[in-house]
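Let's work through a few exercises together. Have the sequence and the 3D view open, and try each task before you read its solution.

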Amino acid sequence: MDQLIEIMSGIRPDIDFTTATALIDDDLLDSFDIIAIVGEVNYKFDVEINVNDLLPENFNSAGALYELIKKLQEED
Amino acid sequence: MPVASFLFLLFVSSVIFVYFVVPVKYRWLVILAANIFFYCSYGVKYLVYLIISSLITFLAALFLRKASEEYTNDVATADKGQKKQLKEKLKKKKKRICLAALAIVLGIWIVLKYTNFFLANINAFLSEPLPLVEWVMPLGISFYTLVLAGYLIDVYRDKYEAETNYLRFFCFVSYFPHIIQGPFSRYDDLGKQLKQEHPFSYDRMEKGARRILWGFFKKLVVADKLAIVIHAIRASYSDHPASYLFFVILMYSFQIYADFSGYMDIMGGISQILGITLAENFRQPYLAKTVDEFWRRWHITLGEWFRDYVFYPLSMSPLAYKIASFARKRWGIKTAKLLQSYLALFFVWTATGLWHEANWKHVLWGYLNMFVIACAMQFADFNQKLKQRLHINEEAVYWKVFCVARTFLLVSILRVISTSDSIATAFSYFGHLLKGGLFVPVDFSLLFGEIAVSEMIAVIVGIAAIIAVDILNETGRWQSFKENCPMVIRCSILTILILSIILFGGGENDLLGGFMYARF
């Protein structure tokens, strides 16, 4: 989780990812941020987040994204 | 059948009447019949293209469904190693089906829309030019092709299951409120709603009718009157001082907004009466603070289509990752993010420009929009530091007004390129703007010389009303304004709208269906 927060904060240092829970709903992250986060996550966690996973519920918080990563790792 | 006509009103009234008279479970068939009648009213030959494209998409989606079902059956009895093999096999099979169908459906559209563009470009290098083709251009092909492609890609991605009834599917694709100018509906939204039963609702009828009225007001009283004024000035732009040309640039933004959003209100209102909610295409676009934000508020469903089916797949493609990975190692995470975004933006804006019209001026217009967005991204840190140094409070009203005005100005100026006869004419227009005379007082009686004074007042009041509604919507006060508005004022507003349409309605209405976006 800490590694994920570090990745997200590296892309958007102005957001506190430890507390934010409506990153998409509140328009805090835009599509450019999302693809950058996905790129980093795929690389660092060795998973493959695809277009179908780009749902608000998967990106609204660091916790939700972490759950998605765990799910993808288990599927592999 | 022009939408801004009595014939269309008669058609819609008949559809609504029959729709609510027949038993609930057959109502979708009324919509299907209405779709076919409406579409054929523009030419029966167009229907052939619509049927071919929709049938290919429908069958391809069924093949995708069948492939997935076969995989589910096979995988139930397979071991771990076989499962992986079967999954790979399914992936390849689905990809082949999807790409083949997309090639045909998009191919039909590309050939019909872009052949002359290719020929004209080839002719520029030939001493004996090739003759241009005069092929039919099916109504709404740029809209329904993308809707079909979106459906197929969604089924390919297992977002939802393929429809098994072709008539149901055709009813979705040809839905008359969206077939000519959008919005780009998704099957899991509109298709689902078309399957649901919608009993009559007086509340929906009233709200829908009000929205239709507002749409006709925007179109007939504001957009069509502005069209006359703008056309007259732009046709002789070299004879006018810069202040007039500048004013026309700003007015065009209101013309296109009133025209396009007016159409969406008319169709959204009709759909609302039928119990079906169409996706919204506008969210107070002229209150956007950046160009990037503007494009998330203007023609929303087109932007979302390009985001989901072009931007994301390209940004997440192996090539984009390779570039990002290379950039990350060399220049860090921020540059990697920018490079990845620029690459996708380039393709999205090339496609957006060409989607509008097959010519270079639209491509240039697209690239300039991209350039502005890319500059904002590139200099985001610098801008932030500058604002801090200048002690600018981003929440202050003056700053918000400045950002909104700046964005409106940028978007309006860029439109000169896409709306001029050619790129050369656009730059000539800019040349006259810079020649001087920007501070010459505008004589409104001369500027609006092509229309009556009463019509000019109606246009100005109409623009003010559009801005007021947008501001109320933006600040979240529109709903409470509507609910708390006394009946007398509400009735007066509706009477004024109806009278304005009767007295001032009509104008430049020579485009297909009478609406600007119908030509795309």
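**Exercise 1.** How many residue pairs are in polar contact between chain B and chain A?

*Solution.* Start with the ground rules. This is a predicted model, where local features need pLDDT of at least 70 and side-chain atom pairs count only at pLDDT 80 or more, while totals for chains, interfaces and linings use all residues. Residues are numbered from 1 along each chain as its sequence is written, chains are lettered from A in the order in which they are written, and side-chain values use heavy atoms, without hydrogens and water.

Next, the term: a polar contact is a pair of N or O atoms within 3.5 Å; within protein, one must be able to donate a hydrogen and the other to accept it, and residues adjacent in sequence count only if both atoms are side-chain atoms. Between chain B and chain A, the count is 2 residue pairs, both at pLDDT 80 or more.

**Exercise 2.** Which side chains meet in a salt bridge?

*Solution.* Look for a side-chain nitrogen of Lys or Arg within 4 Å of a carboxyl oxygen of Asp or Glu. Across the interface of chain B and chain A, this rule finds 1 salt bridge. Its partners are Asp33(A) and Lys337(B), at 2.5 Å from N to O.

**Exercise 3.** At what angle do helix α1 and helix α2 of chain A pack?

*Solution.* Find the helices, which are DSSP runs (H or I, at least four residues) numbered from the N terminus. Helix α1 covers residues 2-11 and helix α2 covers residues 31-45. Their angle is about 145°, and their axes are 10 Å apart. Among the residues that meet are Leu4(A) and Ile7(A) from α1(A), and Ile37(A) and Val41(A) from α2(A).

**Exercise 4.** Where is Asp27(A) found?

*Solution.* Follow chain A to the loop between α1 and α2, which holds Asp27(A). Now check its backbone: Asp27(A) has a positive phi of about 60°, although it is not a glycine.

Definitions and conventions. Axes fitted to C-alpha atoms, helices over the stretch in contact; angles between N-to-C directions. Helix = DSSP H or I, 4+ residues; strand = E, 2+ residues; numbered from the N terminus. Contact = heavy atoms within 4.5 Å.
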